[in-house]
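Please look over the sequence and the 3D structure shown here before reading the report.

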Amino acid sequence: MANTTEIEVFLRDIWAFKLLEPEQLRSLAHLVIVRKLAAGEMLWLQGQNVSHFSIVFNGRLRTVRSSSSGAEKKLSTLGRGRHFGLAEMITNVRSTVTLVADMPSTILVIDRKSLRNKLLSDAEICYRLMQTMARAIFDLTQELERASFENVHTRLARLLLKKYYHNSSAQSRLGTDKCKISLTHEELAVLLGVSRETVSRVISDFRRHKLIKTAYRSVIIINTDGLKRYIEDYDEE
């Protein structure tokens, strides 16, 4: 079972909290409830009100969307550090997906009331979270613009390099392999808004040109300069 100190350290590398100071992270860590999920157990259902912000501490979840006819489609897999529910919880929007544990998993949960009270009582935390979410909106707008003009090779190269440099910044703290991008072809397809088959074809091209290697549920970058050549306006930031 994770203790408060472990949770605080873990929260440092969560995207939503990256602008928070150590003491602010510590105060949030005290709000966390640790929840265990068995394999196959649902965290919430599509169409359900989202009452808590959740982060995968250990294990793996999958997101599934159901059509009006009852057909189900797996959208993505969420591993350690992936979080969900913040936007839905703040805006009171119902979940558009069902979240199910693929294996026994540990989830860190902050409920709506606790987070709301913290944000109302600490304007600095509230402002820093607003900065992070505003940046996310800006980045998504840029991605939409790029999707209109860039081909899939360019977009995938940009995404892999972004993940690569994100891993580099965390490497000194976590000892992670910055070259290894832990995303499946299916997850990359969801992030790029294209088919899995299209991603697999581009991955094969990159592999043939010795820019990357592939492993189980991951891509390993071996030639960053080669990937950068696909991007005219490359920017590490």
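The report below covers strands, salt bridges, a surface patch and some single residues.

This is a predicted model, in which local features need pLDDT of at least 70, side-chain atom pairs count only at pLDDT 80 or more, and totals for chains, interfaces and linings use all residues. Residues are numbered from 1 along each chain as its sequence is written, and side-chain values use heavy atoms, with hydrogens and water left out.

**Strands**

Helices (H or I, at least four residues) and strands (E, at least two) are DSSP runs, numbered from the N terminus. Two strands pair if DSSP finds at least two bridges between them. An open sheet of four strands has the order β1-β8-β3-β6, and the pairing is antiparallel. Its edge strands are β1 (33–37) and β6 (83–84), each of which pairs on one side only. Two bridges connect β6 to strand β3 (residues 52–58) in the antiparallel sense. In this pairing, I55 stands opposite H83 of β6.

Strands β10 (residues 212–215) and β11 (residues 218–221) also run antiparallel, joined by four bridges. A215 has S218 in β11 as its bridge partner. The two strands form a hairpin with two residues between them, and R217 in the turn has a positive phi of about 55°.

**Salt bridges**

A salt bridge is a side-chain nitrogen of Lys or Arg within 4 Å of a carboxyl oxygen of Asp or Glu. The whole structure holds seven salt bridges. The table lists some of them.

| Pair | N to O distance |
|---|---|
| R26 and E8 | 3.3 Å |
| R128 and E124 | 2.9 Å |
| D205 and R208 | 2.8 Å |

The salt bridge of R26 and E8 links distant parts of the chain: R26 lies in helix α2 (residues 22–29) and E8 in helix α1 (residues 4–11), 18 residues apart. R128 and E124 both belong to helix α5 (residues 123–149), where four residues, about one turn of the helix, separate them. These two residues are also linked with E21 in a network of salt bridges. D205 and R208 both sit in helix α8 (residues 196–208), three residues apart, again about one turn.

How covered are these side chains? Buried means under 20% relative accessible area, exposed over 50%, and partly exposed in between (1.4 Å probe, protein chains only). E8 counts as buried because its relative accessibility is 9%, while R26 is partly exposed at 38%. R128 is buried at 19%, whereas E124 is partly exposed at 38%. D205 is buried at 16%, and R208 is exposed at 54%.

**Other features**

K18, R82, K162 and K163 gather in a patch of positive charge on the surface. Such patches are made of residues with over 30% relative accessible area and no salt bridge, with like charges joined within 9 Å. K163 is placed in helix α6 (residues 152–174). K163 counts as partly exposed because its relative accessibility is 32%.

C179 is found in the loop between α6 and β9 (180–181). C179 is partly exposed, since its relative accessible area is 23%. From C179 to Y165 is 14 residues in sequence and 8.9 Å in space, C-alpha to C-alpha.

In helix α7 (residues 185–192), the buried residues are E187, L188, A189 and L192. Just after α7 comes G193, with a positive phi of about 70°.

Key
Patch = residues over 30% accessible without salt bridge, like charges linked within 9 Å, V, L, I, M, F, W, Y side chains within 5 Å. Areas by Shrake-Rupley, 256 points an atom, 1.4 Å probe, with all protein chains shown as cover. Lys, Arg positive; Asp, Glu negative; His and termini not counted. Charge placed at Lys NZ, Arg CZ, Asp CG, Glu CD.
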